[in-house]
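Please examine the structure below together with this briefing.

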Amino acid sequence: MPVSRASGVDRRLFLTSLLGVTAAAAGLSGCAESSAAAGSEGASTAPLADKVPAGTSLKIASYQNVQQLQFKLAKLPDPPFKVASWLNIGAGPDVINAFRAKSLDVANNAGIPPIQAHYQGFDAKIVAINITRKSNYLFATKPGSDIRSIADFKGRKLAFSQGQAQGVVLLRALKKAGLAYDDVDLVPLTSNQFLTALQSGQVDIAPLGNTQAPAYLAQYESKGARTITTDVVDLLNLLWAPVSVLNDRAKAAAVAAYIPRWAQGQVWQYEHPDVWNEEFYVKTQNLTLPQARAVTALANKPLFPPSWTEAIAWEQETADLLAEGGFVKKFDVGTLFDHRFEGIAAASVPAEYRK
């Protein structure tokens with residue numbers, strides 16, 4: 001049965017399967033609203049400490065070691081806390097599970113994982129925002145496909161991860177094209193399964209990151225695979241952390257001290273594309289230099305808004321879109337933002353990078 005036609009119960013089962021949570025965690029989804037609300041009431045509103053207490057440490061997500069490489073190349077000063085571990089983790093479902101296991105304190109994700117965490121009854125807060133104005137994704141077809149536009153998605157099998165940015169990009173693209181969920185067959189997968197699903201013909205379409213497309217086309221374009229661009233953006237690139245971490249005065253101060261480095265690392269990367277192409281895309285991602293330059297040409301200029309008003313509005317639209325499809329319950333996303341940290345990122349970068 002296509003996910004788009006599933007009942008409410010089937011959708012909850014789909015969510016549990018997709019996120020890979022334990023049975024106990026899955027049981028929380030039915031009471032997510034009350035659980036998350038109770039957790040939010042317990043979220044600290046105490047002013048952030050001026051200094052990070054000695055001995056404080058954080059466990060930080062750094063997918064494909066991007067953060068360490070940015071900080072090294074930019075020669076940013078060491079933070080006033082110990083990094084207990086850098087976790088090579090990026091997918092929203094994996095981050096949520098790591099948060100639950102207390103093996104991760106702060107992570108970099110898109111806007112949708114905090115919504116999914118709330119739906120599961122896990123309380124976490126957004127602490128920094130980077131606005132992305134250009135799409136980081138496109139749609140790739142399986143080899144031999146005759147699909148040439150989003151309108152052609154009707155009746156096709158689409159790789160769909162509702163817990164990740166790729167999922168919301170797909171849903172927004174369908175809505176913009178006037179296609180209902182019942183017009184397509186949404187196949188529940190996580191993003192790390194998309195390439196295999198395309199190659200095997202399990203799906204007709206999958207949303208891929210701009211960095212993934214060159215390698216996929218190099219292998220399959222001669223066999224009839226192609227890409228379809230979209231102007232649908234995933235507006236939010238954010239930092240977030242569990243409430244249990246933010247309620248710890250020392251760790252909250254460390255998170256506040258990490259935010260400027262997170263922002264400055266992205267600014268440095270944007271301002272030094274030639275170095276980043278060589279050091280990251282060529283040396284660690286095995287792209288050719290022309291491929292790396294093509295990816296970098298699509299890069300977003302980082303923008304750190306002093307006010308989160310636009311981010312909150314976009315996050316609410318995203319949550320409402322998921323609720324319309326029966327994937328989550330409707331709620332006020334304002335509870336996802338810890339305003340004690342608002343403006344820290346913007347204050348740490350030059351004026352041209354503040355929205």
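H4 and H11 are roughly perpendicular to each other, a label used for angles of 65 to 115 degrees, whereas angles under 35 degrees count as roughly parallel, those over 145 as roughly antiparallel and the rest as oblique. The model is a predicted one, in which local features need pLDDT of at least 70 and side-chain atom pairs count only at pLDDT 80 or more, while totals for chains, interfaces and linings use all residues. Residues are numbered from 1 along each chain as its sequence is written, and side-chain values use heavy atoms, with hydrogens and water left out.

**Helices H4 and H11**

- The axes of H4 (residues 66-74) and H11 (residues 249-271) come within 9 Å and cross at roughly 75°.
- Axes are lines fitted to C-alpha atoms, for helices over the stretch in contact, and angles run from 0 to 180 degrees between N-to-C directions.
- Helices (H or I, at least four residues) and strands (E, at least two) are DSSP runs, numbered from the N terminus.
- On the H4 side, the contact (heavy atoms within 4.5 Å) is made by Val66, Gln67, Gln70, Phe71, Leu73 and Ala74.
- H11 contributes Tyr258, Arg261, Trp262, Gly265, Gln266, Trp268 and Gln269.

**Strands E1 and E2**

- E1 (residues 57-61) and E2 (residues 82-87) run parallel and are joined by five bridges; two strands pair if DSSP finds at least two bridges between them.
- Ile60 has Trp86 in E2 as its bridge partner.
- From E1 the chain passes through H4 to E2, in a right-handed β-α-β crossover.
- Right-handed means that, with the strands pointing away from the viewer, the path from the first strand over the helix to the second runs clockwise.

**The sheet of E3, E10 and E4**

- Three strands form an open sheet in the order E3-E10-E4, with antiparallel pairing.
- E3 (107-110) and E4 (124-131) are the edge strands, each with a single partner strand, so one side of each has no neighbour in the sheet.
- Four bridges link E3 to E10 (residues 236-242) in the antiparallel sense.
- Ala107 has Trp240 in E10 as its bridge partner.

**Ile96 in helix H5**

- Ile96 lies in H5 (residues 92-100).
- Is Ile96 buried or exposed? Ile96 is buried, because its relative accessible area is 1%; buried means under 20%, exposed over 50% and partly exposed in between (1.4 Å probe, protein chains only).
- Beyond its neighbours within four places in sequence, Ile96 is in contact with Pro113, Gln116, Ala117, Gln120 and Trp240.
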